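I opened the notebook to look up folds, surfaces and aromatic rings. The entries are in the order in which I made them.

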Amino acid sequence: MNDAVVIIPALNEEKTVAAVVNSILCAVPAVDIVVVSDGSTDRTVQEARAAGAFVISLSVNLGIGGAVQTGYRYAKERGYQYAIQIDADGQHDPADLPRLLEEARQGRGDMILGSRYVERTAYRSSRSRRMGMILLSTLVRLAVGYPIKDTTSGYRVVNRRIIELFSSYYPFDYPEVEVLVLLHRNRMTIHEVAVQMKERQAGVSSINVRKSVYYMVKVTLAVGLELLRKRAIEED
Amino acid sequence: MNIYILGIAFSLVFLFTVVDLMRRRVLMEQYSLLWLGMGVVILLLSIFPQWLNGVAVAVGIYYAPSLLFLIGFLFMLGTMLHLTVVLSRLTKRTVRLVQEIAILKAELADGNHTHPDGTDKTD
C-alpha cells in the first residue's frame, strides 16, 4: 500500500477507464488507484478491476460529487496521506502527476491544482467557454482574494487535511469552483501548476451548452453561500 | 346542513385522521405536531367564527375570509419549507449510506481488511 491514492470517478467509461488506469500506473507506479463507478451500467467495473484498480461500485447514481466523496471517505478510512483526482475521460495527462505529487509532498499547498492556463500549453478552447472561465475566475478571485487561473480544473492533489475535510463535506454537483472557495474558507492553501490537457478521448463533457446557464447560476449561488457560512464544516 | 356544521365536521375528521396516523405510527410525532396544531386551529375557527372576524378587524382586513386564506397560505409555505428541509436531510443520509455500503462491499470483495499500520479494523 502506498501513501497516495488516485480517485477516479467513472460513469459508463468502459472504453477508456482501463487505459487511464494503465497510463497512471505507468507514469507513477507508487500510487494506489481507486475507481468509483457511479452506478455504471456497462463494463466499467470489470474493466477497471482488470486493469488493477480497487473498484468501489455505487449501487445507485449519486452524481459526480457523491462519487468523488466516496473516494475521499475511502482514502480517509485507509489512512492515505495524499489523494489525487484525475478525469477518467483521458483529458488529463498522467505524465504530469509525479510533478504535482512532488509539489504536494514538499508542502507547496494543501491542494495542488493542475492548471491549463498557468503557462502556455497545447490546450485551446472555444470563445464561449473562455468567456465562462473568465467570469468564474473573477468570481473566485472576489471570493478567495487571490487569482486562480484554471477554476474548473478537476486535476488535483490534496493532502490529508483536505481528505478529512472532503470526507465530511463535498459539493453535490459541479464541485470544482465551489471547492476552491470551500478550501479558502477553511484556511487551506491552493497552489497551481501548469499541466498538459488533451482532447477528450471518449464520452461527453458534463458541461454542455444547454446546462451552462444552470451551471453558472449554481456555481455563483454556491460561492455566495460559501461566503455566508461559518468557517468550520460541521459533521453531518 | 350549513357551512358552520360542515366546517366543524371537517375539522373533526381532519383531527381524527391525524391522530389515527400517529396512533398507527404512520406519521412520526415530530412531523405530526404541525398537523395537529393546524387541525386545532381549524376546529376553533369553525366553532368560533367570530374570532376570525375579531382578528381581521384588529389587523385591518375588511373581508375576514381573506385572512383565512392568508393563514392557510402561510401554513402551506411553512410546511413545504419544512418538508424540503427534511428531504435534504434524508438525501444526505441516503448518500452517506450508499457510499458506506459501496466501500464495505468493495473491501469485502477485496478480502483486505487491514489498515496501513497493520491493525485489523474488522474487530
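Below are my entries on chain B and on the aromatic pairs.

Ground rules. I worked on a predicted model, where local features need pLDDT of at least 70, side-chain atom pairs count only at pLDDT 80 or more, and totals for chains, interfaces and linings use all residues. Residues are numbered from 1 along each chain as written, chains are lettered from A and ligands numbered from 1 in written order, and side-chain values use heavy atoms, without hydrogens and water.

Chain B, fold. I found 4 helices and 0 strands (DSSP runs: H or I of at least four residues, E of at least two, numbered from the N terminus). The pattern along the sequence is α-α-α-α.

Chain B, surface. Of its 123 residues, 21% count as buried (under 20% relative accessible area; exposed is over 50%, partly exposed in between; 1.4 Å probe, protein chains only).

Aromatic pairs. A:Tyr72 and A:Tyr170 make a tilted pair, 5.9 Å centre to centre with 35° between the planes. A:Tyr72 lies in helix H3 and A:Tyr170 in the loop between helix H6 and helix H7 of chain A, so the pair ties together parts 98 residues apart in sequence. A:Tyr72 is buried at 0%. A:Tyr170 is buried at 6%.

I then checked B:Phe48 and B:Trp51, a stacked pair at 4.7 Å and 15°. B:Phe48 is partly exposed at 30%. B:Trp51 is partly exposed at 43%.

Last entry: B:Phe10, B:Phe14, B:Trp35 and B:Phe75 form one aromatic cluster.

Technical notes
Rings of Phe, Tyr and Trp (its six-membered ring) pair if their centres lie within 6.5 Å; planes under 30 degrees apart count as stacked, over 60 as edge-to-face and the rest as tilted.
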